[in-house]
Amino acid sequence: MNPRLDQPLRLGTRRSKLAMSQSGHVADAVRAITGRPVELVEITTYGDVSREHLAQIGGTGVFVTALRDALLRGEVDFAVHSLKDLPTAQPEELVIAAMPLREDPRDALVARDGLTFEQLPDGARIGTGSPRRTAQLNHYARALGKRIETVAIRGNVDTRIGFVRDGELDAVVLAAAGLNRIGRGDEATDLLSVDSVLPAPGQGALAVECLASNTELIASLAELDDPYTRAAVTAERSLLAALEAGCSAPVGALADLLADGQVVNEMRLRGVVGTLDGATLVQLSTTGPVPQSYDEAMALGRELADEMLAKGAAGLMGERSL
C-alpha cells in the first residue's frame with residue numbers, strides 16, 4: 001500500500017459538541033474522497049475559554065485564530081470552521097478549499113411551553129449573545145406591539161437551552177443549523193422567518209481551510225464545495241466587510257437563489273443593520289444574476305453595502321460595545 005494513503009489526515013476542530021459534530025461530517029466525506037484515514041485534532045480557542053461576551057472581546061476571529069495557527073505550524077492538515085466565525089480578511093498562506101452545501105441559515109427560538117415568538121408574553125426575557133439578534137428581535141417585538149428584554153448569554157447549546165429549562169429565561173435564540181447538526185432541531189419551538197430576522201453573514205455554512213501550498217489536498221477538498229453556497233456567502237461577507245463590521249456587529253445578511261421553475265437565474269441579497277433597541281433599522285435588498293465568479297459575488301455585496309451606508313447604516317453600528 002502507498003504509505004501516503006495509510007497516513008492519516010489531521011483535521012483541526014474546536015472541542016465543542018457542535019464543532020466536533022460538523023467536523024465529523026466533513027471527516028467522513030474526506031475519507032470517502034481520499035481513501036485516507038482522518039483524525040480529529042481538538043484545539044481550544046480563545047473564544048472557548050473567555051467568559052466575556054463576544055461583543056466585548058471583539059468577536060472577530062476569536063474562534064478561529066488558534067485553528068489557523070495550528071495550520072500554519074503544520075500541526076493539522078486542514079480545519080473546519082463555522083463560516084460566520086471567520087474574519088472577512090483571508091490570510092495569503094491559507095485558502096478556503098471548500099464551502100459545503102449550506103444548512104438552514106435561519107435563527108431558531110427555543111421557548112418555554114412550546115411558544116412561538118409571536119406567542120411570547122409582553123416583557124419576555126430572551127437570551128442571546130448577539131447584537132445582530134438583539135437589534136432585530138427588539139424590532140420584531142415592536143412590530144408586534146410588545147416589548148421584550150434581551151439578556152446577554154454565552155455557552156454551548158446545552159447551557160443556553162438550560163436557561164429556558166431552569167426557568168431563568170422565557171426563550172433563547174440559536175442558529176437552526178447548529179441544532180440540526182447535533183440532532184436537536186426538534187427542540188426549536190419557532191424558526192424565525194428571514195423576513196423578520198436576517199441571519200449572520202455565512203450562518204449555516206462551513207469553511208474547510210488548508211494551506212494554500214497544499215495543492216493536492218486543495219484538489220481533494222474542492223469536491224466538497226457547493227458553488228451556490230460559495231457565491232451566496234461570498235456576497236454576504238462582502239457586504240459585512242464593506243460595512244467595516246466584525247462578526248460582533250449588528251449586521252444581518254442573506255443571499256438566496258431565485259428560481260424560475262427548475263432554473264436558478266437570480267440571486268437576491270438582503271442586508272440589515274440596526275440599533276440594539278430595534279427602534280431604527282436600515283434594511284435593503286438587491287437582486288441580480290447569480291454571480292459566476294468571486295469578483296461578481298464581491299461586487300454584489302459592496303453594491304448593497306454602499307446603498308445601506310447612503311441610508312445611514314454607519315451611524316447605527318457605533319453601539320456594538322453595548
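Among contacts in this chain between residues at least 6 apart in sequence, 72% join residues at least 24 apart; contact here means heavy atoms within 4.5 Å. The model is a predicted one, where local features need pLDDT of at least 70 and side-chain atom pairs count only at pLDDT 80 or more, while totals for chains, interfaces and linings use all residues. Residues are numbered from 1 along each chain as its sequence is written, and side-chain values use heavy atoms, with hydrogens and water left out.

The chain has 322 residues, and 52% of them count as buried. Buried is under 20% relative accessible area, exposed is over 50%, and partly exposed is in between, with a 1.4 Å probe and protein chains only.

Secondary structure comes to 12 helices and 13 strands. These are DSSP runs numbered from the N terminus: helices are H or I with at least four residues, strands are E with at least two.

Now the sheet. Five strands form an open, mixed sheet in the order β7-β6-β8-β5-β9. At its edges stand β7 (148-151) and β9 (190-191), each with a single partner strand, so one side of each has no neighbour in the sheet. Strands pair if DSSP finds at least two bridges between them. β5 and β9 run antiparallel and are joined by two bridges; alanine 108 has leucine 191 in β9 as its bridge partner. Helix α7 (residues 157-165) packs on the sheet and touches β5 and β8, its direction making about 155° with that of β8. Axes are lines fitted to C-alpha atoms, for helices over the stretch in contact, and angles run from 0 to 180 degrees between N-to-C directions.

Next, arginine 68. Is this residue buried or exposed? Arginine 68 counts as buried, because its relative accessibility is 8%. The residue lies in helix α5 (residues 65-72). Its side chain makes a polar contact of 2.9 Å with the side chain of glutamate 209. A polar contact is a pair of N or O atoms within 3.5 Å; within protein, one must be able to donate a hydrogen and the other to accept it, and residues adjacent in sequence count only if both atoms are side-chain atoms. Leaving out residues up to four places away in sequence, arginine 68 also touches others, including His81, Leu86 and Pro91.

Last, aspartate 113. Its phi is near 60°, a positive value in a residue other than glycine. Aspartate 113 sits in the loop between β5 (107-111) and β6 (124-127), and is exposed, with a relative accessible area of 66%.
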